[in-house]
Amino acid sequence: MTSETRTNANADLVEKKNLHENTSYWAKTPRISVRHFERLPSQTCDILIVGSGISGALMAEHLCNGGRDVMMVDRRRPVRGSSLDSTAMIQHEIDVPLHVLKRKIGEEKAIRAWQRSRDAVRSLVDLAGKLDLDCSMEPKRTLYLAGDELGPRALRAEARLREVAGIDARLLDRAATGTEFGIDRAASIVSQDSASANPAQLTAGLIRTAQGRGLKVVSPIEITDVLPAGGHVACSTADGQLIIARHVVFCSGYEFLRRLESPKHSIISTWAIAVKPRSAVPSWLPGFLVWEASDPYLYLRMSGDGSIIAGGEDEDSAEAFDDPARLKANTDRIVSKVEALLGVSLYPPHSRWAAPFGNTTTGLPFIGPVPGLQNVYAVMGFGGNGITFSKIAAEVIKAAISGKKDRDADLFSFPA
Ligand SMILES: Cc1cc2nc3c(=O)[nH]c(=O)nc-3n(C[C@H](O)[C@H](O)[C@H](O)COP(=O)(O)OP(=O)(O)OC[C@H]3O[C@@H](n4cnc5c(N)ncnc54)[C@H](O)[C@@H]3O)c2cc1C
């Protein structure tokens, strides 16, 4: 073992975080628990998945198809990481608009990334249907509103490039936005190919499906070190055990491998609410996700129980989400913005929560082999498309483990 191939055993393998100081809305919903072993049923497997959030769940569903021996471990109870906090707007619209991404990585790559994101949403919706997952998965459209960050001119450029890319986008001016949606904004884009779901039920449902095909889930088990071991990977655990796997996939969310720290991504804080309207909501709202291109941005959607789920107010601090005063102030601000945007009156939120959140400079995730660690892969599906990116990650890593190359793997590889 060389110093390059060994992780630093003196530091934590991942940076541990308090992922949700406050109880998220989905924590109170049914069908989110998963049967699991409390001790390792065996110390070897073909594939070890570290993490039982949406990334680990989709990874398991994709990998448990070919007679492989797959084990999933988590240091928390299953489905208790960031996926429990997600507002689950399953958008293909990447946080960085297509015409902005084009400037960052070139037109060909930007278009491929957006097309892949669109395809991932479609295939995730299909998968949930095919598996008959009871998770409120609903195809939706997106209403993308001009704001102080992207005005009408930028939306025009965006709609034009999406048309070139074959990605559905209908540009509306102020008058049409007002007529169709009753919203006073300078412009908007209406698009197909989005969805929403209960993220915890989606995650748990996928894990249960994979369990039906042989997946073993073990919790609590914390992986503390990763070492090459003669073509295999040896993972040590916090309780002094060793798991030997042929391949290891870190789906550890915002508690990512320290060796993957980079100026190209950062952890920030975000806030969200679930709230019941006092007055009738616009009739179009249940079928849409709404995103306002402002800084800070605002987003919202409806859930099946008639609540409005909304979020935003991001702050560039990895700790701000822990502050109770900010929880009240930032979520009150989200309430006021939703009321003003939709012209509805809201009750006080029945759930307010805050959490760490990830950003990358391109809005794209990092997915692929971990540099310097053979047969170890990681998924960092950052940003407001974390769920969509988890689907892409499952496809990219399944191909890599099967000895194939995904056509878009280059878009998501870790910075050298
Ligand atoms: C408030 C909020 C709103 C969001 N809204 C959206 C949205 O609308 N749409 C969208 O697509 N995305 C959204 N996201 C992002 C999305 O939810 C995340 O990208 C996604 O849930 C991350 O899933 P994951 O499986 O990677 O991580 P997690 O769900 O956090 O799972 C990782 C698991 O790994 C475990 N783990 C970590 N380290 C170890 C270790 N060393 N050993 C064992 N286990 C370990 C953790 O305990 C954890 O359970 C939102 C996120 C937040 C916080």
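Predicted model: local features only at pLDDT ≥ 70, side-chain atom pairs only at ≥ 80, totals over all residues.
The domain assignment places residues 25-85, 200-262 and 363-412 in domain 1, and residues 137-193 and 264-360 in domain 2.

The shell itself comprises 41 residues, and the closest to the ligand are Gly-51, Gly-53, Gly-81, Gly-253 and Gly-386. By class, the shell has 19 polar, 15 nonpolar and 7 charged residues. Several elements of secondary structure each supply at least two residues of this shell: helix 1, strand 3 (89-90), strand 11 (265-275), strand 15 (351-360) and helix 8 (386-401).

The two domains also touch each other. Their centres, taken over C-alpha atoms, are 30 Å apart, and 12 residues of domain 1 are in contact with 13 residues of domain 2. On the domain 1 side, the touching residues divide into 7 nonpolar, 4 polar and 1 charged.

Helix 1 (residues 54-63) and helix 6 (residues 199-212) meet at an angle of about 30 degrees, and their axes are 8 Å apart. Angles under 35 degrees count as roughly parallel, so helix 1 and helix 6 are roughly parallel to each other. Their crossing is left-handed. Helix 1 contributes Ile-54, Ala-57, Leu-58, Ala-60 and Glu-61 to the contact, while helix 6 contributes Pro-199, Leu-202, Thr-203, Leu-206, Ile-207, Thr-209 and Ala-210. The residues of this contact divide into 9 nonpolar, 2 polar and 1 charged.

Conventions
Residues numbered from 1 in each chain as written. Axes fitted to C-alpha atoms, helices over the stretch in contact; angles between N-to-C directions. Helix = DSSP H or I, 4+ residues; strand = E, 2+ residues; numbered from the N terminus. Parallel < 35°, antiparallel > 145°, perpendicular 65-115°, else oblique. Left-handed = near helix turned anticlockwise from the far one by under 90°. Contact = placed C-beta atoms within 7 Å. Nonpolar A, V, L, I, M, F, W, Y, C, P; charged D, E, K, R; others polar. Near = placed C-beta within 6 Å. Domains from an automatic or database assignment.
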